[in-house]
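Thanks for asking me to look this one over. Here are my notes, written to be read with the model open beside you.

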Amino acid sequence: MKIVVAGGSGRIGGKLVYNLRQDDHKVLEASPTFGVDTVTGAGLKAALDGATVVVDVTQSPSLDGADARAFFETSSRNLIAAGLAAGVRHHVVLSIVGVDRLQASGYFQSKKIQEDLLKASGLPFTVLRSTQFFEFITGVVQDGLDDDVVISPALVQPIAGEEVAEALADIVLGPPLNRITEAAGPERLRLDDLATQVLTAYEDPRRVVADVHARYFGAELDDRSLLPGDGPRIASTRFHDWLRQSLQSPTHAARVSNRKS
Ligand SMILES: NC(=O)c1ccc[n+]([C@@H]2O[C@H](COP(=O)([O-])OP(=O)(O)OC[C@H]3O[C@@H](n4cnc5c(N)ncnc54)[C@H](OP(=O)(O)O)[C@@H]3O)[C@@H](O)[C@H]2O)c1
């Protein structure tokens with residue numbers, strides 16, 4: 001079975017490709033790094049030739065609402081048209097828990113467009129909506145340039161990227177569900193508490209300021225916004241265990257030594 005992973009060089013895509021290859025599947029990464037562009041269509045027809053499953057884990061290079069809408073609309077249309085032409089039997093999209101509730105955000109609008117185009121395409125499909133990745137949360141907190149990290153105190157149920165890739169691999173190897181399914185981490189935590197844990201772990205002296213009006217991709221959050229509905233797949237890794245592990249990694253040691261030198 002040939003599996004094409006659009007966005008196969010990315011954070012989730014790379015892990016998914018690795019996992020599927022360990023199981024001896026033929027996997028092709030489709031992304032600009034590998035000469036395939038889902039926006040211009042370059043290399044797409046050849047990439048999907050003979051493919052049984054397509055997984056879309058692409059990300060827009062710009063998360064600005066208008067840019068993301070243009071990216072996901074064009075990329076999804078091209079992937080779907082190429083998939084229909086190639087006779088693909090299962091098209092899988094990675095989306096985000098809460099996408100319907102956050103339509104004040106241009107970015108979340110773009111993810112809804114991606115889901116809706118697939119649902120209307122006639123292709124057998126599965127949409128996996130995941131909660132926020134641990135890696136994404138630490139990235140957001142560490143990328144802030146201001147003295148304070150101003151963040152919503154909304155509840156979130158984050159998940160390790162590795163376990164999102166595992167959930168996707170199970171979907172890829174199963175039949176199309178023709179519906180949306182969800183995955184989340186094992187515990188509900190507040191975003192500001194997570195930010196505090198990250199700053200403490202990295203000995204970052206900035207303060208965390210919880211602000212209920214702080215925007216998340218342009219949308220205000222409440223305690224329901226980012227939580228999954230009934231019956232999500234629940235992953236097992238806890239945030240503080242993952243953070244402790246990631247602090248022991250060579251990458252972290254190099255970062256700390258660079259900061260101190
Ligand atoms: N962040 C979260 O917490 C979260 C939660 C739930 C769902 N998601 C969803 O998860 C998905 C994957 O996120 P990620 O963090 O793994 O993304 P990422 O690490 O930023 O990777 C993005 C991937 O998209 C590819 N790409 C960019 N432009 C492309 C193009 N024109 N044609 C084909 N591929 C292109 C990149 O390829 P190159 O490397 O070759 O440029 C890369 O492989 C996103 O759709 C996001 O909405 C994210």
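Predicted model: local features only at pLDDT ≥ 70, side-chain atom pairs only at ≥ 80, totals over all residues.

1. The largest nonpolar core has 55 residues, and the ones with the most contacts inside it are Leu-16, Val-55, Leu-94, Leu-168 and Phe-239. Helix α6, residues 161–172, supplies the largest share of this core, with seven residues. There is also a second, separate core of 19 residues, and Ala-30, Val-36, Ala-82 and Val-127 are among them. As general background, nonpolar side chains in soluble globular proteins tend to be buried together.

2. Phe-239 deserves a click. Which residues does Phe-239 contact once its neighbours within four places in sequence are left aside? They are Phe-134, Thr-138, Glu-187, Leu-189, Leu-194, Gln-197 and Val-198.

3. Next, the aromatic rings. The count comes to eleven aromatic pairs. One of them joins Phe-72 and Tyr-107, an edge-to-face pair with 6.3 Å from centre to centre and 70 degrees between the planes. Phe-72 belongs to helix α3 (residues 65–86) and Tyr-107 to helix α4 (residues 106–119), so this pair ties together parts that are 35 residues apart in sequence. Both partners are on the buried side of the cut-off, which is under 20% relative accessible area: Phe-72 has 0% and Tyr-107 has 4%.

4. Tyr-216 and Phe-217 make another pair. Their ring centres are 5.1 Å apart and their planes stand at 90 degrees, so this pair is edge-to-face.

5. The axes of α3 and α4 come within 8 Å and cross at roughly 15 degrees. Angles under 35 degrees count as roughly parallel, and α3 and α4 are therefore roughly parallel to each other. The crossing of α3 past α4 is right-handed. On the α3 side, the contact includes Gly-65, Ala-68, Phe-72, Ser-76 and Ile-80; on the α4 side, Tyr-107, Ser-110, Ile-113, Gln-114 and Leu-117 are among the residues involved.

6. While you are on α3, have a look at Asn-78, which lies in this helix. Asn-78 counts as partly exposed, with 25% relative accessibility. Not counting residues up to four places away in sequence, Asn-78 touches Thr-38, Val-39, Thr-40, Gly-41 and Leu-44. From Asn-78 to Tyr-107 there are 29 residues in sequence and 19 Å in space, C-alpha to C-alpha.

7. Last, helix α1 (residues 11–22) and its packing with α6. How do these two helices cross? Their axes come within 9 Å, at an angle of roughly 55 degrees, and α1 and α6 are therefore oblique to each other. This crossing is right-handed. Ile-12, Lys-15, Leu-16, Asn-19 and Leu-20 make the contact from α1, while the α6 side includes Val-164, Ala-165, Leu-168 and Val-172.

Key:
Residues numbered from 1 in each chain as written. Heavy atoms only, no water. Core = buried A, V, L, I, M, F, W, Y, C linked by side-chain atoms within 4.5 Å. Buried < 20%, exposed > 50% of the residue type's maximum accessible area, 1.4 Å probe, protein only. Helix = DSSP H or I, 4+ residues; strand = E, 2+ residues; numbered from the N terminus. Contact = heavy atoms within 4.5 Å. Phe/Tyr/Trp six-rings, centres within 6.5 Å; stacked < 30°, edge-to-face > 60°. Axes fitted to C-alpha atoms, helices over the stretch in contact; angles between N-to-C directions. Parallel < 35°, antiparallel > 145°, perpendicular 65-115°, else oblique. Left-handed = near helix turned anticlockwise from the far one by under 90°.
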